[in-house]
Amino acid sequence: MARPLLLLHGYSASGLDFKELYWQLQDRNIDAKLVNVGNYVSLNNEITISDIAEGLDRAIRLSVGLKDTDEFDVIVHSTGMLVARAWLAHQKVVVGDNKRLKRLKHLIGLAPATWGSPQAHRGRTWLGALVKGNKIPGPDFLNAGDEVLAGLELGSKFTWDLAHADLLGEKPYFGTDSNTPYVAVFIGNTPYSGLSSLVNDPGTDGTVRWAGCGLNARKITLDLTETPTHSNGESRESRVTMSKWASGSRLNVPVLAIDSRDHGSLVANPDAGMVDRIVNFLGVADSDRYDEWLTEAEAWCEPARKKMLESKGHKFEFWDTKELDGWQQFVVHARDGHGDPVTDYMVEVFEKDEKGGEWKRAEELSVDVHAYTGNASFRCLHVQLPKGITTKPKPMQIHIRASTGTDVVTYQGFGSDEQRAEMRADSDSVVIDLTDALGDASLFHPFTTTLVEIILNRVPYPFDDFSKIFQWLPPFGDRLQNAPRHRPGIALSPQTAHNPNGL
């Protein structure tokens, strides 16, 4: 029996957006009785992406009529990817015990907001209410979907935590065998045109970043604490820990470019070749078939992908490199050894000069930084990669500064030289050398996202002396000499006489 196919739309959209894709699927003999087009509420300020995911689960059981063991496939657009991933990661159940992973056989992302959107933080202020907001009078009038937008914002804690559940665990949610979903991701290579082009950002389809669509991700941990340890308490062998890119049992899920399509037209006017490959993908049943399908799809998409390497036409002079290797996203989170956020910090990348052998700031990297509104310890860095930087790896250093904002507590960090250093607003950077950790590899990989976690010690200051934060009082001396006395002309109330400090 053929599997049901579920279609999940994005933020502020509706299931009607899939109309053209729906008919093209039918033209390719996808049984209409098996296609279920979802329609969910996103413009409500109290609803979260996890709420929508649980609503999806109930709709699967009650409307589609699937049992807890029945299999199905999903096509998602934009925010629909986060809904589907949140459904899979319900209660963060590990691979092997997660029955939902075995039920979902194919997950197809069309311009998925895998890592959010640069438009989300703008939406919460005015775009959501005035352009995308609910205009129907009622309890949700002019709601922009604040909680959904918070999850969609670049560098959000929601996407950080979700990635640790499904992309970065010891056993991946998206593996090479048939016990987890096979995944395909398509993205338009063109930003918006006309009036809508006002919201375009470089390296995007108008709404989501090309580098933030695929599921190929890794994590780098920079542990600057005195005694580096893993979250389970085991000691780290190195201050730099780096997970691998998709390999072995982890599924390789790159972005597949579609020519002349932006975020909306990818679904509203689906490319016939893309739909052909979607239908073929629904027949993938093992890793060999997946590899064959991906090889053919990448070859077909290569001309469209090459156009994504052109930086011309962007309205920002800042992004002016003419030849590119592509774009990359870094999501950075800084915390102290207690797990509390570090909100005031700076990270810089240095490289070794090939001529003089000296370390210099990597000036050729064009970086756009966004601090997450809800917690500035999370940052998202969008990097334009100049030609050759991914194929000719260089020795790299990370320079880190941080400040608590007070003189009684400070951060301390241990760099690659293992020397303790103060981390204050006016202190030198703590330096971590990535050269050994990277080996012959590069820090930069186009159209991917790298998570970077920075861990610092937060300690009373100064380091080796009494701190103002806690001191002992001197001895009180003779009891009678220190007894409170009545001052002339002032009458003491019973309470004050009992407690002369008024406390």
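How many salt bridges does the structure hold? The structure holds 20, a salt bridge being a side-chain nitrogen of Lys or Arg within 4 Å of a carboxyl oxygen of Asp or Glu. Some notes to get you started:

1. Before you dig in: this is a predicted model, where local features need pLDDT of at least 70 and side-chain atom pairs count only at pLDDT 80 or more, while totals for chains, interfaces and linings use all residues. Residues are numbered from 1 along each chain as its sequence is written, and side-chain values use heavy atoms, with hydrogens and water left out.

2. The overall picture. The protein chain has 12 helices and 18 strands; these are DSSP runs numbered from the N terminus (helices are H or I with at least four residues, strands are E with at least two). Of its 503 residues, 49% count as buried. Here buried means under 20% relative accessible area, exposed means over 50%, and partly exposed is in between (1.4 Å probe, protein chains only).

3. Contacts and surface. Take the contacts (heavy atoms within 4.5 Å) between residues at least 6 apart in sequence: 76% of them join residues at least 24 apart. The accessible surface of the protein chain is about 25100 Å², with 51% of that belonging to carbon and sulfur atoms. Areas come from the Shrake-Rupley method with a 1.4 Å probe, and for residues only the protein chains shown count as cover.

4. Now a salt bridge to look up: R85 with D166, where the closest N and O atoms are 2.7 Å apart. R85 sits in helix α3 (residues 80-88) and D166 in helix α7 (residues 157-166), so the pair links distant parts of the chain, 81 residues apart. R85 is buried, with a relative accessible area of 0%, and D166 counts as buried too, at 1%.

5. Stay with α7 for a moment. Its buried residues are T159, W160, L162, A163, A165 and D166. They pack against α3, α6 (146-152), β6, β9 (324-336), β13 (378-386) and β18.

6. Another pair is R236 and D223, with the closest N and O atoms 3.0 Å apart. R236 is in the loop between β6 (217-223) and β7 (240-242), D223 is in strand β6, and 13 residues separate them. Both R236 and D223 are buried.

7. R420 belongs to strand β16 (residues 420-423) and D464 to the loop between β18 and α12, 44 residues apart. R420 is partly exposed at 39% relative accessible area, whereas D464 is exposed at 65%. There is also a network of salt bridges linking E54, D57, R61 and R100.

8. Last, two surface patches. Patches are made of residues with over 30% relative accessible area and no salt bridge; like charges are joined within 9 Å, and nonpolar side chains (Val, Leu, Ile, Met, Phe, Trp, Tyr) within 5 Å. D286, D288, D291 and E292 gather in a patch of negative charge. Lys and Arg count as positive and Asp and Glu as negative, with His and the chain ends not counted; a charge is placed at NZ of Lys, CZ of Arg, CG of Asp or CD of Glu. D288 lies in helix α10 (residues 287-307) and is exposed at 54%. The nonpolar patch, about 560 Å², is made by F466, I469, F470 and W472. F470 is found in the loop between β18 (448-460) and α12 (494-498), and is exposed, with a relative accessible area of 54%.
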